[in-house]
Amino acid sequence: MSLVHEIDYGTPLSKSEKMVTLTIDGQEITVPEGTSIMRAAMEMGTQIPKLCATDMMDAWGSCRMCLVEIEGRNGTPASCTTPVAPGIKVKTQTSRLAEIRKGVMELYISDHPLDCLTCAANGDCELQDMAGAVGLREVRYGYEGDNHLGLDKDTSNPYFTFDTSKCIVCSRCVRACEEVQGTFALTISGRGFESRVSPGMDEAFFDSECVSCGACVQACPTATLTENKVIEIGQPEHSVVTTCAYCGVGCAFKAEMRGEEVVRMVPYKDGKANRGHSCVKGRFAWGYATHKERILKPMIRSKITDPWKEVSWEEAIAYTASEFKRIQAKHGKASIGGITSSRCTNEETYLVQKLIRGGFGNNNVDTCARVCHSPTGYGLGQTFGTSAGTQDFDSVEDSDVIVVIGANPTDGHPVFGSRMKKRLREGARLIVIDPRKTDIVRTPHVEADYHLPLLPGTNVAIVTALAHVIVTEGLVAEDYVRERCDWDEFQNWAAFVADPRHSPEAVEKYTGVPAELVRGAARLYATGGNGAIYYGLGVTEHSQGSTTVMAIANLAMATGNIGRRGVGVNPLRGQNNVQGSCDMGSFPHELPGYRHIAGDEVRHMFEEFWGVHLEKEPGLRIPNMLDAAVEGSFLGLYVQGEDIVQSDPDTKHVTAGLAAMECVVVQDLFLNETANYAHVFLPGSSFLEKDGTFTNAERRIQRVRKVMAPKAGYADWEVTLLIAEAMDFPMPYEHPSQIMDEIARLTPSFAGVSYEKLEQDGSVQWPCNDKAPEGTPIMHIDHFVRGKGRFMVTEYIPTDERTGARFPLLLTTGRILSQYNVGAQTRRTENSMWHEEDVLEIHPHDAEQRGIREHDWVRLESRSGSTSLRATITDRVAPGVVYTTFHHPSTQANVITTDFSDWATNCPEYKVTAVQVMPSNGPSQWQEEYEAMAKNSRRIAAE
Ligand code: SF4
Ligand code: SF4
Ligand code: SF4
Ligand code: FES
């Protein structure tokens, strides 16, 4: 195996359709208009020396290494900044050019440490390569003059070091931060000889605006910005292309390795979801995979109060199967079930639901998607006919108006957030509908045209009010609606939204959003060109989550914003494979491909293929499993890669359900909170230890490739096979590719997917079948999947969760960039330096009323429970609204959340909880007890 190297063409690809023919070094080449001479040369295999140019960003033209001669033109223009022109004749190699390049290089080297042999970048340094390429052998000026060799290193960032003495001031880092990441954390300060790169106002990296995405490190052609792991371990020797296991963006990475050790994760330029960019989690926060707290031996115990006993895999699997069989013999087939993981691969998820349906003999399978995007499945299924986002990420490049509802892309989906910001800097307009002033509302060179700071729980009212304006002001795309949608349903819906009770003025009193903002936003979306809607859990995790999804779909259909590039309705999926886990049949009522279990034809097909009888009745959802456990009829659970104690609402109810079960089997990397209630612990495998596929928020199926052997001996899919065998339902697969072949055979939208196809194309977006052999980047182009688009009436029904004298504030929750969900992975990395604890955001007015000062401990209480955490006072939240993250088990924000849920899908109402906030002295008693118990569990595991 060797290192995967993508070609650097020096400047970005031109998208022009007009072609230009020119001659370079006597060879004719035809390229799109706007291509640089440097890129044209590279495309025919001629590399022109360069230092400041790279194809991830626009040309800068500062280093003067890439000069060329053009027949009939004076001077020696820089090939990176000079576009091709018809008929020109370019020379890239002449003695004059060689002399100039050598002279330029001499100047660079005379102010550069000559420690190549001991430098961390030795062998991976463009300065070193270029010195060789121009044939520099000696430096005439000596090294005695003024130089920068004694400058200090900045080691404040936990993941990379900034060694200013090696900087050649090429500005690639500054431009990467601006153009690729969109953070603008770096500048070149000083002039001439004094010029140097500086984070913020001459601050240390860690103290600056830097979000540690690493784009500057990747762009740096010298060892000035270098990953600490490269300094520590040395240059990588081989690499494997794989997919990030954090969020639903699905960034492709090269895992660059030395032996079985990861040296660094480098975003893969050919990755179609991320185009060579990443965030701090995917690029740097992978150390959890080798963290010392990982459990590598199976463990069992008969009671959850007993200490764990390490056992062999054979014993653990045999114990699991015998317990499950015992429970079923005594309490019936339906007394056990399982939960699939949106962190695991498609193949693993498919196997777990197959094991439950075929091996357990019931449909008691559910997934964590229940608690995030199940309303997306329902809402988009009802209106468009399919349960997924309509666009690829590239589509945003053609959007004119971007609407972000209940999503925080710069924190939750950072790489897509960067692409969105780029399009906004190019001139697209922005509407943000969110109770908080999220970063995207105002960030360098981006400012929302409209921010609608609605009160949590009023999404349906606001989106219907937008529709009211569009219908009553005659802004409906009538031709589109007549051609593409069910006209009768449209008229019914239009009459509904036109009712004055849905006007912005009428709803203002309970949404809190001034009517003129709603009117302005509606006009902009309907008339501003291509309108694209991106939404997140701020839409779905409500008692009317499914209704809001349908209201959004209505809005897009009414304005003709579905079925081409630049438009669409796009759920920003939370976890890496939440799309895939839903696709793979993780819900109790659906077989893979969203086909109802009650459908005889489909069920019989699976029965025949799997050789087993399948129950026709849908099984239990997670909340129903827990209810049944408390009632005593559900006693065994297999949980793969989920931590429902932390991630599901109403923690007390979850733990009561788990504590009532007789055999809880948890499969995970770490002893998570759910494992406190487990009788069997099966070690999990990280994404680095297995083969498979993930499906991202664009429906893009991408390979996950094994870069090291499973640390506990088995990949997760192999463990499921062992359980299946022990449950007398053998599933003889030798490789995940065979599982994908079975999925393709049984699931029409995956019919054309295979590992060979993924090897060949890199990735593919489903549906991929005979009708769409190359996949489907944009859905519903000529017609909706369900035929005619269906408008749904979306009556606003206020949540039962109301504020009152006892609980006067509304709590809403979300994520922060550096941490991920329940924090099991990111808390075990240096990312915790940015976010050590969950804090409560509270408006200055509410803080003052309660005598709360910055950083004070406060008690947060709802009718479900209470917790304590520190407060931060900010006007990012409106008066009456408080906000926190849920990354730390010692806070457990879900102790606070209630058991209300979406009417259609049971997705919990995480985003609206009536609370009171009051000063407190520190953690509450249960938090201290919890900390003691968690420490004890870790100690037992360590022993
Ligand atoms: S790590 Fe990212 S955010 Fe920080 S300075 Fe570099 S490019 Fe900018
Ligand atoms: S830090 Fe690297 S990329 Fe930035 S200016 Fe210096 S050499 Fe160029
Ligand atoms: S944006 Fe998401 S997929 Fe990409 S690197 Fe970050 S966490 Fe991973
Ligand atoms: S690469 Fe063209 S001027 Fe630097």
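Predicted model: local features only at pLDDT ≥ 70, side-chain atom pairs only at ≥ 80, totals over all residues.
A search of the whole structure finds 23 aromatic pairs. One of them joins Phe 416 and Tyr 534, whose ring centres are 4.9 Å apart with 45° between the planes, a tilted arrangement. The two partners come from distant parts of the chain, 118 residues apart: Phe 416 belongs to helix α12 (residues 414-425), while Tyr 534 belongs to strand β22 (residues 531-535). Phe 416 has a relative accessibility of 1% and therefore counts as buried. Tyr 534 is also buried, because its relative accessible area is 2%, and the cut-off for buried is under 20%.

Tyr 159, Phe 160, Phe 162, Phe 205, Phe 206, Phe 284 and Trp 834 form one aromatic cluster.

Asp 207 counts as exposed because its relative accessibility is 54%, where exposed requires over 50%.

The last stop is Ala 629, in helix α22 (residues 622-631). Is Ala 629 buried or exposed? With a relative accessible area of 1%, Ala 629 is buried. Ala 629 can also be placed relative to His 604: the two are 25 residues apart in sequence, and their C-alpha atoms are 31 Å apart in space.

Notes
Residues numbered from 1 in each chain as written. Chains lettered and ligands numbered in written order. Heavy atoms only, no water. Buried < 20%, exposed > 50% of the residue type's maximum accessible area, 1.4 Å probe, protein only. Phe/Tyr/Trp six-rings, centres within 6.5 Å; stacked < 30°, edge-to-face > 60°. Helix = DSSP H or I, 4+ residues; strand = E, 2+ residues; numbered from the N terminus.
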